[in-house]
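Colleague: I have a model open and would like to know what stands behind the terms used for it. Can we go through them one at a time?

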Amino acid sequence: MDFLQPMLDGFQLVIQPSNLMFCLIGVLIGMFIGVLPGLGPVATISILLPITYTIDPVPAVIMLAGIFYGAQYGGTITSVLLRLPGETTSVVTVLDGYQMAKQGRAGSALGIAAIGSFIGGTAALLGLTFLAPVVSSFALDFGPPEYAVLALLGILLVSTLGTGSVVKCLVMACIGLFLATVGLDPVSGDGRFTGGFSQLGDGIDFVPLAMGVFGLGEILYNLEQRAHGSATMMKFSNAYISMKDWAESKWAVLRGTVLGFLIGILPGGGAALSSMLSYAVEKKVAKNPKRFGRGAIEGVAGPETANNAAATSSFIPLLTLGIPANATMAVIYGALLIQGIAPGPQLISEHPDVFWGVINSMWIGNVFLLILSVPLIGIFVRLLRVRGTVLAPITVTVTMIGVFTVNNSLFDMWLVLLFGVIGYLMKKAGYEPGPLVLAFVLGSMLEVATRQSLLMFDGNVAGFVGRPISGVLLAAMVLTVALLPVLKKLRDRRVAIETIVEDGTNVPADAFGPSTTSAPSRTGQPAPTEEKK
């Protein structure tokens with residue numbers, strides 16, 4: 001329990017007015033971008049990276065973390081009221097949340113989502129508080145071989161568990177690893193792949209890459225995809241739940257908390273996968289699975305709890321091992337590096353203010369979310385009436401000004417434009433940028449650790465197997481490859497669900513595994529009507 005005093009010191013740091021303000025700002029921004037379909041926390045955090053240069057590390061990371069977990073609930077509002085998932089984590093919520101709204105139970109859906117999100121996030125914080133120091137102390141025994149295998153395992157898991165084709169994800173990861181090699185060789189000092197540009201001598205800066213691929217690329221893609229006009233909002237009187245609602249959903253909340261926490265720790269798992277798996281579990285254990293897709297409150301409670309628990313637990317591998325679990329964590333990893341702070345086992349001892357400041361700020365952030373989620377629903381829905389053609393030029397201008405202020409470099413602005421076009425074309429072709437950025441972040445660690453390990457082993461690669469920890473991690477890699485057929489099935493189901501929501505069709509009976517139910521349209525139940533957009 002040596003961490004109790006630093007943890008209490010972290011609370012004293014967080015309750016300072018300036019840090020509370022940044023926590024509130026982060027949560028509000030997160031809810032705002034969670035409501036707007038397409039933008040997402042990754043793009044927003046990428047665009048805001050230059051701001052982190054101007055403020056201290058603790059409030060900077062507190063704000064970025066608030067954006068991440070705040071966005072998880074923001075997407076729920078439009079999923080329930082407008083049948084428009086603001087976030088990929090809220091895609092599953094549409095299936096039952098919107099049906100509840102059509103039945104006049106929108107308040108119950110939003111209420112259980114808010115309560116489940118709070119419970120899931122808070123429970124995951126307990127796990128994060130007590131598990132992170134243990135993992136961090138264990139990871140102190142890691143040497144170059146362990147970090148080399150861990151980085152490779154993280155890239156492999158993100159490529160296999162993420163969205164899109166496994167082959168396309170692996171291609172993106174390879175491109176990310178290649179981009180990480182641009183610049184001076186860390187051992188010999190020779191220039192590599194600089195193309196004669198002296199600005200690339202220190203390698204490609206993370207800020208232009210992230211702001212281009214995630215920020216500008218997403219803006220260009222969403223301008224093309226986003227439907228014009230406004231959607232019709234379902235009416236609701238309040239967002240309170242009854243005792244009957246709680247009785248029906250309490251076990252779903254509990255299961256979602258445990259499942260989300262475990263999935264969030266895995267690289268490549270994340271909130272989107274945990275919400276989908278939670279829905280599948282709830283449908284599997286239900287006495288009457290025919291209720292799902294027609295307004296089952298468990299279909300909202302479980303996924304919403306799971307995605308918030310996963311969002312919180314995904315900080316464990318980032319803060320303790322220096323391994324980002326998903327694209328958002330990769331961008332926050334970059335933000336910490338910008339501040340001169342390297343996430344990993346030494347973070348808790350070298351920068352306890354950052355470590356405990358971020359964790360303890362989430363306690364307060366979850367309370368902010370619970371208090372603000374209901375009163376601001378009307379305001380957030382009205383934001384959807386602002387046309388994308390108005391928001392996009394403002395966002396692009398902020399992006400370009402922000403990247404210039406980092407190094408006062410026109411070259412960085414050209415890099416943002418280049419990576420923005422590349423990011424747009426990648427999205428058009430179905431290539432997700434997440435594996436590219438995560439591989440880019442881990443590429444330097446992978447190269448240096450691998451070369452150091454080979455020097456330790458005199459060039460004998462069998463040395464990786466001879467060390468206990470790296471050997472276990474290698475076994476996990478082999479297991480991941482062996483389970484590829486199962487992982488592919490999970491990915492195919494997620495893609496099918498997202499297609500269903502986008503097309504406005506009904507949920508097929510086997511979308512979440514075999515069951516006795518059939519699609520609502522086949523049993524006389526009318527399909528959800530297409531809303532005017």
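Modeller: Start with the surface: the protein chain exposes about 21,400 Å², and carbon and sulfur atoms supply 67% of that area. Keep in mind that this is a predicted model.

Colleague: How much of the protein chain is buried?

Modeller: Of its 533 residues, 57% are buried. A residue is put in that class when its relative accessible area is under 20%. As for secondary structure, the chain has 23 helices and two strands.

Colleague: What share of the contacts in the protein chain is between residues 24 or more positions apart?

Modeller: Counting contacts with a separation of 6 or more, the share is 79%.

Colleague: What makes a group of residues a nonpolar core?

Modeller: The members must be buried residues of the nonpolar kinds, joined through side-chain atoms within 4.5 Å. The largest nonpolar core has 125 residues, and those touching the most other members are Leu81, Leu128, Phe206, Phe315, Ile332 and Met362. Helix H4 (residues 57–81) supplies the largest share of this core, with 14 residues. Another core lies apart from it and has ten residues, including Leu273, Tyr279, Ala286 and Phe292.

Colleague: Which residues does Ile332 touch, leaving out those up to four places away in sequence?

Modeller: Ile332 touches Ile45, Val61, Leu64, Phe315 and Leu318.

Colleague: How do you know that Arg105 and Asp245 form a salt bridge?

Modeller: Their closest N and O atoms are 3.8 Å apart. The cut-off is 4 Å between a side-chain nitrogen of Lys or Arg and a carboxyl oxygen of Asp or Glu, so the pair qualifies.

Colleague: Why is Asp245 called buried, and Arg105 partly exposed?

Modeller: Asp245 has a relative accessible area of 7%, which is under the 20% limit. Arg105 stands at 24%, and partly exposed covers the range between that limit and 50%.

Colleague: What makes Asp185 and Arg451 a salt bridge?

Modeller: The N to O distance between their side chains is 3.2 Å, and the limit is 4 Å. Asp185 sits in the loop between strand E1 (183–184) and strand E2 (191–192), while Arg451 belongs to helix H20 (residues 434–456), 266 residues apart. Asp185 is buried at 12% relative accessible area, whereas Arg451 is partly exposed at 29%.

Colleague: Why is Glu282 counted as buried, and Arg255 as partly exposed?

Modeller: Glu282 has 3% relative accessibility, under the 20% limit. Arg255 has a relative accessible area of 33%, between the limits of 20% and 50%.

Colleague: Where does H20 bend?

Modeller: At Leu442, by about 40 degrees. From first C-alpha to last, the 23 residues of H20 reach 32 Å, close to the 33 Å expected at 1.5 Å a residue. H20 is followed by Asp458, which has a positive phi, near 55 degrees.

Colleague: Why is Glu304 called buried?

Modeller: Glu304 has 0% relative accessibility, and the class takes anything under 20%. Glu304 is in helix H12 (residues 298–313). Apart from neighbours within four places in sequence, Glu304 is in contact with Gln72, Thr76, Ser90, Thr93, Ala113 and Ser117.

Colleague: What makes Asn366 buried?

Modeller: The relative accessible area of Asn366 is 5%, under the limit of 20%. Asn366 lies in helix H16 (residues 352–372). Not counting residues up to four places away in sequence, Asn366 touches Tyr69, Ser117, Phe118, Gly121, Thr122 and Leu125.

How values were computed:
Residues are numbered from 1 along each chain as its sequence is written. This is a predicted model: local features need pLDDT of at least 70, side-chain atom pairs count only at pLDDT 80 or more; totals for chains, interfaces and linings use all residues. Side-chain values use heavy atoms; hydrogens and water are left out. Buried means under 20% relative accessible area, exposed over 50%, partly exposed in between (1.4 Å probe, protein chains only). Helices (H or I, at least four residues) and strands (E, at least two) are DSSP runs, numbered from the N terminus. Contact means heavy atoms within 4.5 Å. Accessible areas come from the Shrake-Rupley method with a 1.4 Å probe; for residues, only the protein chains shown count as cover. The expected span of a helix is 1.5 Å times one less than its number of residues. The bend at a residue is the angle between axes fitted to the seven residues ending there and the seven starting there.
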